[in-house]
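Open the model in your viewer and keep the selection tool at hand. The stops below say what to select next and what is there.

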Amino acid sequence: MFTRFVSWNVTARRDVLTAPGNAIRIGLLVAALLAPLTGLPWGMPPVWSQEAGGAAGAAAGDVEAAEAGGDDAAFATPREFGRQGSGFLSILKLLGLLVIFLIWVYVADWINRDTAFAKMPHVPWNMVVVFPMLAAIILALVIPFFLVGLVLTAFAVLIPLVVFVLQRNAKVHNDERVLTPAHISAVLSGKKKKRSGDAGGSEGKGPPVGLIPMGADRDLMNRSNLLTAKQSSGFLVAREVLFDAIKRHADKIILDYTPEIVSVRMEIDGVWHDAGNRDRETADPMLVVLKKISNLKIDDRKSRQKGNFGTAYRGRKQTWNFGSQGTKMGERAVLQLRTKNGSKLSSLEELGMRPKLIECLRELLSMPRGILLFSALPGGGLSATLAASLVAADRYMRHIVTFEEETHGEIEIDNIDVNTFRISKGQSTVPELLRLFRTEPDAVVVPNLRDPQIVDILCDQANKEGKLILGTIRAKEAVEAILRVLALKVSADKFVPAIRGVVNQRLIRKLCSRCKEAYNPSPELVKKLGLPTERVDTFYREPQNKTEEDELCSACGGIGYRGRTAMFEMLVVDDPMREALANQPKIEGLRQIAQKSGNRTLQEEGIVLVARGITSLSELQRVLKQ
Ligand SMILES: [Zn+2]
């Protein structure tokens, strides 16, 4: 019988109780069943009341009277109340019990669903939730003091909840913990957002992700788009795909529509992962929903369309850029997570820079004049490094200006006096740059160096006016960054004296700290990597030989990696380097000179990360091939 009750708890509740209306209906039903019982001990007959009562009964009665407010004569004295007879129904007491019961229904329902999320066995946990409540209700019915019964039922909700939360929080990732101070504040702020943001579908069937319509000028239009989207079967599918992406910390999703099938891929920490195929029957309505909430034309499957929408998950709102375009095979949709504005600025240390390199960079940044280059591959995390460097330089410089195109908009720094000089597309940037220098800034940040005229001005400013210039350029290694500037046909006579250093970086995935696996590399390999064999005997890698039955790691979703760090290569341009640059700059020769001056290559920096167990050798090989 208990198993039947539990199985009802599991199956029926999922369907019946998830809708709030149904939960209330069931709550009322139970309340109606309990109603006659409330007449027994708490609304007890006078004889029993007096026998059992005594001083304690009177005290309990006083508390009840206080609770009742004392305004209503019928509620003022509990004895009178008791004298009404055994059939009397105490509305207040019933309400108290009902409130606790409804909280219990909610808690039980959440635990039932959350066991699946936290990968915990649901049958034992349902028992843990159900039996204390049953016991508490029975005890409450026989104990002749209502308050004691009420407290017992409250504990029957609270204790299983606390035990469950402690256990599930230990199993899930930091972001997914509940009832922590961070979660509570996120829920509080999330609720505020929800009211204005009008997220749809975060409750009810399906994953706990809500969709937020965006793109339309008018709020009314957005709401209407959401209402239309909700009618579609694709609404649930879209939430499923986005939930999968959010849980796996993906930044980008690509949906490729072909006549037969739709492939879903996700970019996680810079690496594309196959996220399974979907049939057209479910994936087509999903595309309609995504277009609708982005306020795009749902029937247009050919032309290039761009919009955006939002997701709400655990009180956190995120914006996704959405684009679709017809392809030879059908259509492609790209969903790109927008990086958060005003998100916490990372320090150089947090980005992965070694203390020695930070010291070196600080020195370069404190130079009164010269050009400092920052280089990486596209999407290599340059803007974060640049921002962190500016913060590190803040002590020495007051007036820093960034010079960027209006469409660029890459650098956003809080807490620092940065004026952004914006240029419209197509406009000549030279007069604007000259005008900017007339405002007498101490340092100018120029992302994406590509115009020789601009670089020429920057060199003059660095050499003659004593300005510090921070420029970014796409390059794989530090010496290549310098060669790329020279390749713009910039005069070496001007550039070589100006260039002071290069910070080159590459992002590398970090092994998941929860599931990484230790192994012993051969001493030959350790030696070949240039590491001391007597000190390094353990490397780490992602879990090997995974079988289908193995549970996926909840921290990394079974990928084996979680998050990225940067490897930095710092080149300080010294006299031998300058000489080589002025004569015949060839990459091989420059590398050798850099090596002689003590510059560590990305590979050497990466091997240190492998030896420290932060990443794996295979991951290092992968990123060095880029
Ligand atoms: Zn893991």
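Helices (H or I, at least four residues) and strands (E, at least two) are DSSP runs, numbered from the N terminus. This is a predicted model: local features need pLDDT of at least 70 and side-chain atom pairs count only at pLDDT 80 or more, while totals for chains, interfaces and linings use all residues. Residues are numbered from 1 along each chain as its sequence is written.

Of the 626 residues in the chain, 34% are buried. A residue is buried if 20 or more other C-beta atoms lie within 10 Å of its own, exposed if 12 or fewer, and partly exposed in between, with C-beta atoms placed from the backbone. Among contacts between residues at least 6 apart in sequence, 67% join residues at least 24 apart. Two residues are in contact if their C-beta atoms, placed from the backbone, lie within 7 Å.

**First stop: a helix pair**

Select residues 122-142, helix 7, and residues 146-171, helix 8. Two packed helices are described by the angle between their axes and the distance between the axes. Here the angle is about 170 degrees and the axes are 8 Å apart. Helix 7 is therefore roughly antiparallel to helix 8, a term for angles over 145 degrees. Axes are lines fitted to C-alpha atoms, for helices over the stretch in contact, and angles run from 0 to 180 degrees between N-to-C directions.

The contact residues divide into 15 nonpolar, two polar and no charged. Ala, Val, Leu, Ile, Met, Phe, Trp, Tyr, Cys and Pro count as nonpolar, Asp, Glu, Lys and Arg as charged, and the others, Gly among them, as polar.

**Second stop: helix 10**

Next select residues 219-231, helix 10. Its 13 residues reach 19 Å from first C-alpha to last, close to the 18 Å expected at 1.5 Å a residue; the expected span is 1.5 Å times one less than the number of residues. Which residues of helix 10 are buried? They are Asn222, Asn225, Leu226 and Ala229. Seen down the axis of helix 10, these fall within an arc of 100 degrees, so they line one face. The arc is that of the directions from the helix axis to the C-beta atoms. The face turned away from the buried side carries the exposed residues Leu220, Leu227 and Gln231. The buried residues of helix 10 pack against strand 1 (209-212), helix 11 (234-247) and helix 12.

Go on to residues 280-293, helix 12, where 14 residues should span 20 Å and the end C-alpha atoms are 20 Å apart, which agrees. Its buried residues include Ala283, Met286 and Lys291. Just after helix 12, Asn295 takes a positive phi of about 60 degrees.

Select Gly276 in strand 4 (residues 271-279). Gly276 counts as exposed, with 12 C-beta neighbours inside 10 Å. Its C-alpha atom is 8.7 Å from that of Val262, 14 residues apart along the chain.

Then select Val334 in strand 7 (residues 331-337). Val334 is partly exposed, with 16 other C-beta atoms within 10 Å. Not counting residues up to four places away in sequence, Val334 touches Lys252, Ile254 and Gly323.

Key. Parallel < 35°, antiparallel > 145°, perpendicular 65-115°, else oblique.
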